[in-house]
Amino acid sequence: MTNPSFRVVLVLSDPDTPPGWIVRLIERIEESGGMEVSAIVGAVSARRRQKDNFLFRLLYRLELAAGAGTVSSPIGAAPDIPRIGLNDDEALELVEPDVIVDLSGNHGVGISTAVARHGVWFTDATGNVPGIAGLRPLLEGRPVSAINLFRRSQAFAMADLIATATVNIKFIAARNEVFLEEKSVTLILRELKRLALGMPSKKQSGTDLFVAPHVPTTIETIGYFGRMSSELMRRGWQKFA
């Protein structure tokens, strides 16, 4: 039987206006009947360095303006969830979370793994620079886009892999990231339910280590822009030919 007091704490970079996929995750956790979001922790995303690729950030904003991405949504699904500060260890310990899920893009860095019974979870579908998670599979030429769920805990020196899912790859980075984020809702919820039921996570084969998405170089960005433009022209030609 599911533990009715299974407590989840979410770490968000913008607790008051999270993106829609996080709102949907909160709704589905609350609707599960055996779990609850006990608190939301506000965290500041890692500051972008001056040498980060301005060209890619501009291109990503243009993709969003063209409707390829998503926008923030009010957290109307669960307005009564307590908010606590990231450095308020005393308040966090009082919540006694079973799992902390970091969706701020910081990948669990700076969060004590001793606070939650089952550690700090995070995915590689988000990064501290918007768009880079969706761009990575395009740069690597993968046939599908993979999303991995990791855990930081006291039992392991490095983050260990919990589960993996895939989505069909999209040729626009912002669009690709949207699909990865939406898939992460299903992935995170599935593994939380397994844990709440007392079922062990399915161990993945191999030694998959977490590698944070990197900011693309100018050459990589230009190459991506060229391939995306060619694909857009090809599709436009097929549509009107």
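Visitor: How many helices and strands does the protein have, and in what order do they run?
Guide: This predicted model has 6 helices and 7 strands. From the N terminus on, the elements run β-α-β-α-β-α-β-β-α-β-β-α-α.

Visitor: What makes strand E3 and strand E7 edge strands?
Guide: The open sheet of 7 strands has the order E3-E2-E1-E4-E5-E6-E7, with mixed pairing. Strand E3 (83–85) and strand E7 (160–168) each pair on one side only, and are therefore the edge strands. From one strand to the next, the twist averages 25°.

Visitor: How do you know that strand E4 and strand E5 pair?
Guide: Pairing requires at least two bridges between the strands. Strand E4 (residues 99–102) and strand E5 (residues 120–123) have 2 bridges, in the parallel sense, so they count as a pair. Val101 stands opposite Trp121 in E5.

Visitor: Which helices pack on the sheet, and which strands do they touch?
Guide: Helix H1 (residues 20–31) touches strand E1 (6–12) and strand E2 (35–42), and its direction makes about 145° with that of E2. Helix H5 (residues 173–196) also packs on the sheet, touching E1, E2, E4, E5, strand E6 (144–152) and E7. The direction of H5 makes about 135° with that of E7.

Visitor: Why is H4 called roughly perpendicular to H6?
Guide: Helix H4 (residues 132–140) and helix H6 (residues 218–240) pack at an angle of about 80°, with their axes 11 Å apart. Angles of 65 to 115 degrees count as roughly perpendicular, so H4 is roughly perpendicular to H6. Leu135, Leu138 and Leu139 of H4 make the contact with Glu220, Tyr224 and Arg227 of H6. These residues divide into 4 nonpolar, no polar and 2 charged.

Visitor: What makes H4 roughly perpendicular to H5?
Guide: The angle between H4 and H5 is about 110°, and their axes lie 7 Å apart. That angle falls in the range of 65 to 115 degrees, so H4 is roughly perpendicular to H5 as well. On the H4 side, the contact is made by Ile132, Ala133, Gly134, Leu135, Pro137 and Leu138. On the H5 side stand Ala173, Asn176, Glu177 and Leu180.

Visitor: How do the residues of the contact of H4 with H5 divide?
Guide: They divide into 7 nonpolar, 2 polar and 1 charged.

Visitor: What share of the residues in the protein is buried?
Guide: Buried residues, those under 20% relative accessible area, make up 46% of the 241 residues. The accessible surface of the protein comes to about 12600 Å², of which 55% belongs to carbon and sulfur atoms.

Conventions:
Residues numbered from 1 in each chain as written. Predicted model: local features only at pLDDT ≥ 70, side-chain atom pairs only at ≥ 80, totals over all residues. Heavy atoms only, no water. Helix = DSSP H or I, 4+ residues; strand = E, 2+ residues; numbered from the N terminus. Axes fitted to C-alpha atoms, helices over the stretch in contact; angles between N-to-C directions. Contact = heavy atoms within 4.5 Å. Parallel < 35°, antiparallel > 145°, perpendicular 65-115°, else oblique. Nonpolar A, V, L, I, M, F, W, Y, C, P; charged D, E, K, R; others polar. Buried < 20%, exposed > 50% of the residue type's maximum accessible area, 1.4 Å probe, protein only. Areas by Shrake-Rupley, 256 points an atom, 1.4 Å probe, with all protein chains shown as cover.
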